[in-house]
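This report goes through one model, from single contacts to totals for the chain. The structure comes first, then the notes.

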Amino acid sequence: QALIESGEFAGKENELLARARDTGNVKWLREYARVASENNLKREARRAYETIVVIDPMDDIALREAGVIAFAQADYASSQLYLEQYVNSPPGKTVDTGAYLGFFYYGELLRRQKRNEEARPYYEGTVDHIDAQRLQSAEALSTRAQSQIWAGETDVGLTTFANARKTYPND
């Protein structure tokens, strides 16, 4: 945080990431990525998550976060690479509160490729993860509604949207 406030963050990024990669300091990289994300430095956050994946190719959180950020940056090939590995992780690894985003954006990648039927299980998985974690944020409910619609449950999705708008009228 001090580097961001001093304006030195970007100038030291390569050095910091290289040092963390060389020492295998995943905990530090995760904190670096969190601070970067919170300060809307998505490129820097993505590079940190990608560095974690270099150290530990099975780190499901880093795979998901790198994939979601890559999707937001319209780097769909990279997003698919990370998210495909993420959604195919062994069951039980993808159960944190952000898991639904990995499944949702993987479904979005497939839908962009006009592979709607292949996307359906990932939208259903999105809903399952949101429900399993009992997530009720505006973002989670909006994603749930979109997923229900794309999974073929249009009326249920529209009802979810309507209820979310009542709960979060300003979001």
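## Glutamine 80 and its partner

The side chains of glutamine 80 and glutamine 113 are joined by a polar contact of 2.5 Å. A polar contact is a pair of N or O atoms within 3.5 Å; within protein, one must be able to donate a hydrogen and the other to accept it, and residues adjacent in sequence count only if both atoms are side-chain atoms. The model is predicted: local features need pLDDT of at least 70, side-chain atom pairs count only at pLDDT 80 or more, and totals for chains, interfaces and linings use all residues. Residues are numbered from 1 along each chain as its sequence is written, and side-chain values use heavy atoms, with hydrogens and water left out.

Glutamine 80 belongs to helix 6 (residues 76–87). Helices (H or I, at least four residues) and strands (E, at least two) are DSSP runs, numbered from the N terminus. Glutamine 80 counts as buried because its relative accessibility is 15%; buried means under 20% relative accessible area, exposed over 50%, and partly exposed in between (1.4 Å probe, protein chains only). Apart from neighbours within four places in sequence, glutamine 80 is in contact (heavy atoms within 4.5 Å) with Tyr106, Leu109, Leu110, Gln113 and Arg115.

## Aromatic pairs and charges over rings

Rings of Phe, Tyr and Trp (its six-membered ring) pair if their centres lie within 6.5 Å; planes under 30 degrees apart count as stacked, over 60 as edge-to-face and the rest as tilted. The count by this rule is eight aromatic pairs. One of them joins phenylalanine 104 and tyrosine 105, an edge-to-face pair with 5.1 Å centre to centre and 80° between the planes. Phenylalanine 104 is buried, its relative accessible area being 4%. Ring pairs also connect Phe71, Tyr76, Phe104, Tyr105 and Tyr123 into a cluster.

A charge sits over a ring if NZ of Lys or CZ of Arg is within 6 Å of the ring centre and within 35 degrees of the ring normal. The charged end of arginine 112 sits over the ring of tyrosine 76, 3.7 Å from its centre. For arginine 111, the ring is that of tryptophan 150, and the charged end lies 3.6 Å from the ring centre.

## Helix 9 and glutamine 148

Helix 9 has 13 residues, and its first and last C-alpha atoms are 18 Å apart, close to the 18 Å expected at 1.5 Å a residue. The expected span is 1.5 Å times one less than the number of residues. Its buried residues are Ala140, Leu141, Thr143, Arg144, Ala145, Ser147 and Gln148. Their cover includes helix 7 (99–112), helix 8 and helix 10 (154–167). After helix 9 comes glycine 152, with a positive phi near 95°.

Glutamine 148, in helix 9 (residues 138–150), counts as buried at 3% relative accessibility. Not counting residues up to four places away in sequence, glutamine 148 touches Val127, Glu153, Thr154, Val156, Gly157 and Thr160.

## Glutamate 117

Glutamate 117 lies in helix 8 (residues 116–132) and counts as exposed because its relative accessibility is 57%. Glutamate 117 and alanine 151 are 34 residues apart in sequence, with a C-alpha to C-alpha distance of 8.5 Å.

The 14 residues of helix 4 (residues 42–55) should span 20 Å at 1.5 Å a residue, and the end C-alpha atoms are 20 Å apart, which agrees. Buried in helix 4 are Glu44, Ala45, Arg46, Ala48, Tyr49, Glu50, Thr51, Ile52 and Val53.

Asparagine 40 is in the loop between helix 3 (26–38) and helix 4. Its phi is near 60°, a positive value in a residue other than glycine, and asparagine 40 is exposed, with a relative accessible area of 60%. Alanine 74, in the loop between helix 5 (60–72) and helix 6, also is not a glycine and has a positive phi of about 60°. Alanine 74 counts as partly exposed at 45% relative accessibility.

## Chain totals

The protein chain has ten helices and zero strands. Of its 171 residues, 43% count as buried. Among contacts between residues at least 6 apart in sequence, 49% join residues at least 24 apart.

The accessible surface of the protein chain is about 9300 Å², and 50% of it belongs to carbon and sulfur atoms. Accessible areas come from the Shrake-Rupley method with a 1.4 Å probe; for residues, only the protein chains shown count as cover.
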